[in-house]
Amino acid sequence: MTRFVAAIDQGTTSSRCIIFDHAGAVVASDQMEHRQIFPRPGWVEHDAEEIWANVQTVTRRAMEKLGVGPADLAGVGITNQRETTVVWDRYSGKPICNAIVWQDTRTDRLVRELGDDVGQDRFRERCGLPLATYFSGPKLRWILDNVEGARARADRGELLFGTIDSWLIWNLTGEHVTDVTNASRTMLMNLEALDWDEKLMEAIGVPRSMLPRIRPSSEIYGEADGVLAGVPVAGALGDQQAALFGQTCFAPGEGKCTYGTGAFLLVNTGEEPVSSKNGLLTTVGYKIGSEPAVYALEGSIAVTGALVQWVRDNLGLVSSASEIEVLAASVEDNGGCYFVPAFSGLFAPYWRSDARGVIAGLTGFITKGHIARAALEATAWQTREVVDAMIADSGVPLRALKADGGMTANALLMQFLADVLDAPVVLPQVSETTCLGAAYAAGLAVGYWPDVEGLRANWRKAAEWSPQMSVAVRNKSFRKWKKAVQRTMDWIDDDDA
């Protein structure tokens, strides 16, 4: 048996390659950041060719660190920032413009037009999603309408569309495919048929010829060339579904929340999609080979770790992300200050693209420590709103939250999260659950792991925080948070660029 499985994690701010052994332990990794491109307010772009170059570099360096080559890898899985949209030339392989990132809000006006007289729920029954700038379909339509010659080239069959998983798989294998989890984030896939929906494609205005084939999350898509020559590319999951898989949430009712650039809470709902009445998304959780698809409810929060980065880079309050915990701990509480980071509008449970960020409750008493604390607390309060929506949809109280992602290294935040949720917060021993989920999907497809029960045996608890906040403080603080959220809304006017 080959000794290892690799995972490529192409995220919003960086690309990583992590290599795992049979016990699901990390044995080597490498990471590189890529540029964040902001051409206009609300616009966020990435250079897809830079991303591909970085992926090759981190993959090569991870293998070099371990002293292995492609022959030592049973397979490679891919996980990715999900809704980010790439369009490239079928023949040259060159993108026709920068990738439009999931956070980008340039499609706001288009989204309102697509809502017609129905509004944001016009397509929800078919695709499980509200009309929002978040998703790929409107981004693709924007490219076709605004990049010179794009519509004509697409009509001639010269252009291909994909989310980042498709872009990487195409560069690795030459196959133009996506998995069901990424397809379910486009607004173009029928949630029950698991295929592109003709009515959605017609309404949004994109040709089928551009779209990749939709495949299971765990399946051999092709054999890699280049730095991974000969290795089966055998798994793909959008990053949040990959974390669900890596946390081994294989039973209905099991869920997790990943804290990275944004935060994403997913709960497994089984083999039938569950429609939300409280602002959550219905999405595909995963699909293993020929087995039925498993669905999930998701609460998506646009800005969590990105707020810490913003406090570091734009305000200069700290020189590194890790310093924010020390600064926030220098004060006893937020001093009445609340920070709602609606930089890209509000995601779940509001879906208000007209919202923009606010810092509320400022007085002469407030210091940079209070602002740092309010920035951290924003992640917990946004999670609380999503959890409340989950409970309202499912009728099941939260008993514990499985958390993962980079922000879980912040103990102050984890304790505050447990306090505002009034539930334990639990971390897994292997914190790289997104990469682990992609590795698991690939490993199952090539027989490296026999079944999901074997994966469950790898899960171990590393840490746990229990709630300590009084009910009165929790309720008052949450009331103030909700007041701050209301002040973000109706900021964008029709004549704003």
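This is a predicted model: local features need pLDDT of at least 70, side-chain atom pairs count only at pLDDT 80 or more; totals for chains, interfaces and linings use all residues.
Local features need pLDDT of at least 70 and side-chain atom pairs pLDDT 80 or more, totals for chains, interfaces and linings use all residues, and side-chain values use heavy atoms, without hydrogens and water.

**View 1. The largest pocket has 41 residues in its lining.**
About 1200 Å³ of space lies in this pocket. Look for Tyr-259, Gly-260, Thr-261, Gly-406 and Met-407, the lining residues nearest the centre of the pocket. Helix α10 (305–315) gives the largest share of the lining, five residues. Other elements that supply at least two residues each include β2, β3, α9 (239–246), β15 (255–259), α11 (323–328) and α14. A pocket is an open set of points on a 1 Å grid over the protein atoms alone, with protein on both sides within 12 Å along at least five of seven lines; a cavity is a set where a 1.4 Å probe fits but cannot get out, and lining residues have an atom within 4 Å of a point. Points join across faces, edges and corners, and a volume is the space filled by probe spheres set on them. Ala, Val, Leu, Ile, Met, Phe, Trp, Tyr, Cys and Pro count as nonpolar, Asp, Glu, Lys and Arg as charged, and the others, Gly among them, as polar.

**View 2. The largest cavity has a volume of about 100 Å³.**
It is one of three cavities of 30 Å³ or more in the structure. Of its 16 lining residues, Ile-301, Leu-346, Phe-347, Ala-348 and Gln-382 lie nearest the centre. Strand β18 (294–301) and helices α12 and α16 each supply at least two residues. Sorted by class, this lining holds twelve nonpolar, three polar and one charged residues. Ala-348 has another feature to spot: a cis peptide bond joins Ala-348 to Pro-349, with omega about -5 degrees. Pro-349 sits in the loop between β19 (338–340) and β20 (358–360). Helices (H or I, at least four residues) and strands (E, at least two) are DSSP runs, numbered from the N terminus.

**View 3. Helices α12 and α16 cross at roughly 95 degrees.**
The axes of α12 (residues 368–394) and α16 (residues 471–486) come within 11 Å. On the α12 side, the meeting residues are Ala-378, Trp-381, Gln-382, Arg-384, Glu-385 and Asp-388; α16 brings Arg-474, Ser-477, Phe-478, Trp-481, Lys-482 and Val-485. Together, the residues of this contact divide into five nonpolar, two polar and five charged. Contact means heavy atoms within 4.5 Å. Axes are lines fitted to C-alpha atoms, for helices over the stretch in contact, and angles run from 0 to 180 degrees between N-to-C directions.

**View 4. The second largest cavity has a volume of about 80 Å³.**
Among the residues that line this cavity are Ala-23, Gly-24, Pro-428, Tyr-440 and Trp-459. Helix α14 gives the most to the lining, with three residues. By class, six residues of the lining are nonpolar, five polar and one charged.

**View 5. Six strands form an open sheet with mixed pairing.**
Follow the order β3-β2-β1-β5-β14-β13. Strands β3 (26–33) and β13 (218–223) stand at the edges with a single partner strand each, so one side of each is left without a neighbour in the sheet. From one strand to the next, the twist averages 25 degrees. Strands β5 (residues 73–80) and β14 (residues 232–238) run parallel and are joined by five bridges; Ile-78 stands opposite Ala-236 in β14. Helix α6 (residues 164–173) packs on the sheet, touching β1 (4–10), β5, β13 and β14, and its direction makes about 145 degrees with that of β5. Helix α14 (residues 433–446) lies across β1, β2 (14–20), β5, β13 and β14, at about 135 degrees to β14. Two strands pair if DSSP finds at least two bridges between them.

**View 6. Seven strands form another open sheet with mixed pairing.**
Here the order is β17-β18-β16-β15-β21-β22-β23. The edge strands are β17 (281–286) and β23 (461–465), each with a single partner strand, so one side of each has no neighbour in the sheet. Neighbouring strands are turned by 30 degrees against each other on average, direction ignored. Strands β17 and β18 run antiparallel, joined by five bridges, and the bridge partner of Thr-283 in β18 is Ala-296. Helix α9 packs on this sheet, touching β15, β16 (263–270), β17 and β21 (401–404), with its direction at about 130 degrees to that of β15.

Technical notes
Residues are numbered from 1 along each chain as its sequence is written.
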